[in-house]
Amino acid sequence: MIQDGFMYVSVLTAFAALMVGIEKRFKANGFFKFIPGIVLIYIGAALMQTAGLFGDSESNAAMYAGVKNALLPAMLMLMLLKCDVRSVIKLGPRMLGGFIVAVFSIMIGFFLVYAIFKNFYVEDTWKAFGALSGSWTGGSANMVALQGILDVPENIFGYALMMDTINYAVWVMFMFWLVPFASKFNKWTKADVSFIENSIDEVAATSESEKEGPQFQHLLYLLGLGLFVSALSTFIGGRLPEVGAVINATSWTIMIASVVGLVLAVTPAAKIPGTLDVSNVMLYIVVALIASQSDFSNLVQAPIYLVSGFLIMFVHLVIMLLLAKLFKYDLFTLGVASLANIGGMASAPMLAAAYNRALIPVGVIMALMGSFLGTYFGMMIAKILGAI
């Protein structure tokens, strides 16, 4: 069992490197067309945690928080360096529609599943589901806020936390797994994906201009700039006041780093080659770190709650598919809208980056919408569940 934080991060980084190497080596193999390397990294890191490879030590916890909190803002800022914010603004109505579709389908999922299995739950489960719905329409901060608002008993709140961890982990893997199927899905829904294609063209043009590849000094520029902006954002974000229960130091940090990235995108910093390489290294390490907190051993506990969580997500998926076909939505918009609700700020921008780095602001904006509204959605859902 690994108790040392440095060893813990080193193992995860080495594992991510191994998976990338295997994916590159066997790129032509059909297996990687269905299961991208980033999904294998998530599964592998989660299995390591489930097998007990990583100990529950202060060193591991400190290293996890320190590395993740340093790399996440830096990664977002670097990925935004080549972002054209004008193309994102054009997505306004589309983003709002995708977000509403995701929220509506999650609400229906909670109502249906609770009504069907109500007699199998312990008393006051509606309160735990109300708190959980705050997380799945916003983020973990919304769930914690609702735990206090609804006065959820600690023992029942544990079930909500378990669902928020295990069901969420599986859903994140599923969302990343879907990325390679975007073109087929968009063809089925007849979605207009010109905004995605434009972004891809922009990145392709950038890659062409950087065909000679980054040199030593470019990598050092990007690493220094990214980590400095991350540290500065964290410092300022930690000193800004909390707004309600959802805008906390982490939210401020992400917002500041994102704004800095957008501002630097119109400066000579945007011309530094190698942003994709450096930011991808950070992305893969952050994914491995997040996955290492997923423990699948709890699957045998309270199976009715885990089954309920998967059924809620199944209803969410079915309704999303039907509305996608009806309103001709693309997989990117639906996927990011779903993770902006169920995953929040930590995962929605990463999924957006998996499609195209120029689309990261969409993930950030959708996640912020969830952060603002998640508590209110949770209160509304809890009130209806209490009346069922």
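This is a predicted model: local features need pLDDT of at least 70, side-chain atom pairs count only at pLDDT 80 or more; totals for chains, interfaces and linings use all residues.

Me: OK, how many helices and strands does the protein have?

Reply: The protein has 18 helices and 0 strands. Helices (H or I, at least four residues) and strands (E, at least two) are DSSP runs, numbered from the N terminus.

Me: And what share of the residues is buried?

Reply: Of the 388 residues, 54% are buried. Buried means under 20% relative accessible area, exposed is over 50%, and partly exposed is in between (1.4 Å probe, protein chains only).

Me: Let's look at helix 15. What should its 25 residues span?

Reply: At 1.5 Å a residue, helix 15 (residues 303-327) should span 36 Å, and its end C-alpha atoms are 36 Å apart, which agrees. The expected span is 1.5 Å times one less than the number of residues.

Me: Which residues of helix 15 are buried?

Reply: Among them are Tyr 305, Leu 306, Ile 312, His 316 and Leu 323. Just after helix 15, Lys 328 takes a positive phi of about 60°.

Me: Changing topic: how many aromatic pairs are there?

Reply: A search of the whole structure finds 14. Rings of Phe, Tyr and Trp (its six-membered ring) pair if their centres lie within 6.5 Å; planes under 30 degrees apart count as stacked, over 60 as edge-to-face and the rest as tilted.

Me: Where do Phe 129 and Tyr 305 lie?

Reply: Phe 129 is in helix 7 (residues 125-136) and Tyr 305 is in helix 15, so the pair ties together parts that are 176 residues apart in sequence. Both Phe 129 and Tyr 305 are buried. They also belong to one aromatic cluster, together with Phe 110, Tyr 114, Tyr 121 and Trp 136.

Me: Last one, Ser 230: buried or exposed?

Reply: Ser 230 counts as buried because its relative accessibility is 2%. Ser 230 is found in helix 12 (residues 216-237). Leaving aside neighbours within four places in sequence, Ser 230 is in contact (heavy atoms within 4.5 Å) with Asn 69, Ala 70, Pro 73 and Ala 74.

How values were computed: Residues are numbered from 1 along each chain as its sequence is written. Side-chain values use heavy atoms; hydrogens and water are left out.
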